[in-house]
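User: I have some questions about the labels used for this protein. Please set each value against its definition.

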Amino acid sequence: MTAGRRRPEHTAARPSWRCRACGAPWPCSPARLRLLVEYRGNRPTLLIYLNLMMEDAAADLPPEHPDDTTPSDLALRFLSWARAR
(Lines give C-alpha, C1' and ligand atoms only; values in the text may rest on other atoms or scores of the structure.)
Protein backbone atom coordinates (compact mmCIF):
# COMPACT_ATOMS: atom_id res chain seq x y z
CA MET A 1 0.00 0.00 0.00
CA THR A 2 1.38 3.40 -0.90
CA ALA A 3 1.87 6.12 1.65
CA GLY A 4 -1.15 8.33 2.06
CA ARG A 5 -3.62 5.73 0.81
CA ARG A 6 -6.12 4.46 3.30
CA ARG A 7 -7.55 0.99 3.37
CA PRO A 8 -11.19 0.81 2.43
CA GLU A 9 -13.55 0.79 5.39
CA HIS A 10 -15.71 -2.21 6.19
CA THR A 11 -18.72 -0.86 4.32
CA ALA A 12 -21.07 -2.59 1.91
CA ALA A 13 -20.41 -2.57 -1.82
CA ARG A 14 -23.67 -2.57 -3.71
CA PRO A 15 -25.25 -4.49 -5.34
CA SER A 16 -23.26 -7.48 -4.03
CA TRP A 17 -23.49 -6.46 -0.36
CA ARG A 18 -19.98 -7.70 0.24
CA CYS A 19 -17.50 -5.78 2.37
CA ARG A 20 -15.29 -3.34 0.47
CA ALA A 21 -12.33 -4.12 2.76
CA CYS A 22 -12.41 -7.88 3.30
CA GLY A 23 -14.90 -9.22 0.76
CA ALA A 24 -17.02 -11.03 3.35
CA PRO A 25 -20.82 -10.77 3.27
CA TRP A 26 -21.73 -7.44 4.86
CA PRO A 27 -22.03 -6.76 7.73
CA CYS A 28 -18.71 -8.52 8.27
CA SER A 29 -17.24 -9.01 11.75
CA PRO A 30 -15.32 -5.69 11.79
CA ALA A 31 -18.43 -3.84 10.56
CA ARG A 32 -20.54 -5.48 13.26
CA LEU A 33 -18.08 -4.44 15.94
CA ARG A 34 -17.97 -0.88 14.62
CA LEU A 35 -21.78 -0.72 14.52
CA LEU A 36 -22.08 -2.04 18.07
CA VAL A 37 -19.68 0.64 19.27
CA GLU A 38 -21.36 3.36 17.22
CA TYR A 39 -24.83 2.46 18.47
CA ARG A 40 -23.81 1.60 22.03
CA GLY A 41 -26.74 2.24 24.32
CA ASN A 42 -29.16 2.58 21.40
CA ARG A 43 -29.88 -0.94 20.19
CA PRO A 44 -33.36 -0.11 18.80
CA THR A 45 -31.84 2.48 16.43
CA LEU A 46 -29.18 -0.03 15.36
CA LEU A 47 -31.89 -2.57 14.53
CA ILE A 48 -33.85 0.02 12.55
CA TYR A 49 -30.72 0.93 10.58
CA LEU A 50 -29.89 -2.73 9.91
CA ASN A 51 -33.47 -3.42 8.83
CA LEU A 52 -33.26 -0.58 6.30
CA MET A 53 -29.94 -1.96 5.00
CA MET A 54 -31.46 -5.46 4.81
CA GLU A 55 -34.38 -4.13 2.76
CA ASP A 56 -31.94 -2.44 0.37
CA ALA A 57 -29.97 -5.69 0.08
CA ALA A 58 -33.15 -7.66 -0.63
CA ALA A 59 -34.10 -5.18 -3.35
CA ASP A 60 -30.65 -5.61 -4.91
CA LEU A 61 -31.00 -9.41 -5.08
CA PRO A 62 -31.31 -10.67 -8.63
CA PRO A 63 -34.51 -12.62 -9.33
CA GLU A 64 -32.46 -15.83 -9.45
CA HIS A 65 -30.43 -15.25 -6.30
CA PRO A 66 -28.04 -17.87 -4.90
CA ASP A 67 -29.27 -20.04 -2.04
CA ASP A 68 -27.13 -18.23 0.54
CA THR A 69 -28.82 -14.87 -0.05
CA THR A 70 -32.52 -15.62 0.27
CA PRO A 71 -34.59 -13.01 2.11
CA SER A 72 -34.72 -15.21 5.23
CA ASP A 73 -30.93 -15.62 5.12
CA LEU A 74 -30.61 -11.85 4.89
CA ALA A 75 -32.65 -11.48 8.07
CA LEU A 76 -30.24 -13.79 9.89
CA ARG A 77 -27.22 -12.02 8.41
CA PHE A 78 -28.38 -8.48 9.13
CA LEU A 79 -30.41 -8.73 12.33
CA SER A 80 -29.75 -11.86 14.39
CA TRP A 81 -26.34 -10.79 15.70
CA ALA A 82 -27.56 -7.33 16.78
CA ARG A 83 -30.39 -8.39 19.06
CA ALA A 84 -29.78 -7.89 22.76
CA ARG A 85 -28.85 -11.14 24.46
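Analyst: The protein has 3 helices and 2 strands. Their order along the sequence is β-β-α-α-α. This is a predicted model: local features need pLDDT of at least 70, side-chain atom pairs count only at pLDDT 80 or more, and totals for chains, interfaces and linings use all residues. Residues are numbered from 1 along each chain as its sequence is written, and side-chain values use heavy atoms, with hydrogens and water left out.

User: What makes a stretch a helix or a strand here?

Analyst: Both are DSSP runs, numbered from the N terminus: helices are H or I with at least four residues, strands are E with at least two. Helix α1 spans residues 29-38. Strand β1 covers 12-13 and β2 covers 18-19, while helix α2 takes residues 43-60.

User: Why is the pair R14 and D56 called a salt bridge?

Analyst: A salt bridge needs a side-chain nitrogen of Lys or Arg within 4 Å of a carboxyl oxygen of Asp or Glu. For R14 and D56, the closest N and O atoms are 3.8 Å apart. That value is within 4 Å, so the pair qualifies.

User: How do you know whether R14 is buried, partly exposed or exposed?

Analyst: Compare its relative accessible area with the cut-offs: buried is under 20%, exposed is over 50%, partly exposed is in between (1.4 Å probe, protein chains only). R14 has 47%, so R14 counts as partly exposed. D56, at 28%, is partly exposed. D60 is partly exposed too, at 23%. R34 has 34% and gets that label as well.

User: What share of the protein is buried?

Analyst: Buried residues make up 28% of the 85 residues.

User: Why are the buried residues of helix α3 placed on one side?

Analyst: Helix α3 runs over residues 71-79, and its buried residues are L74, R77, F78 and L79. They cover an arc of only 160 degrees around the axis, so they lie on the same side of α3. The arc is that of the directions from the helix axis to the C-beta atoms. S72 and L76 are exposed on the other side.

User: What do the buried residues of α3 pack against?

Analyst: They pack against α1 and α2.

User: Which residues count as contacts of A21, beyond its neighbours in sequence?

Analyst: Contact means heavy atoms within 4.5 Å. Leaving aside neighbours within four places in sequence, A21 contacts P8, E9 and H10. A21 lies in the loop between β2 and α1. At 35% relative accessibility, A21 is partly exposed.
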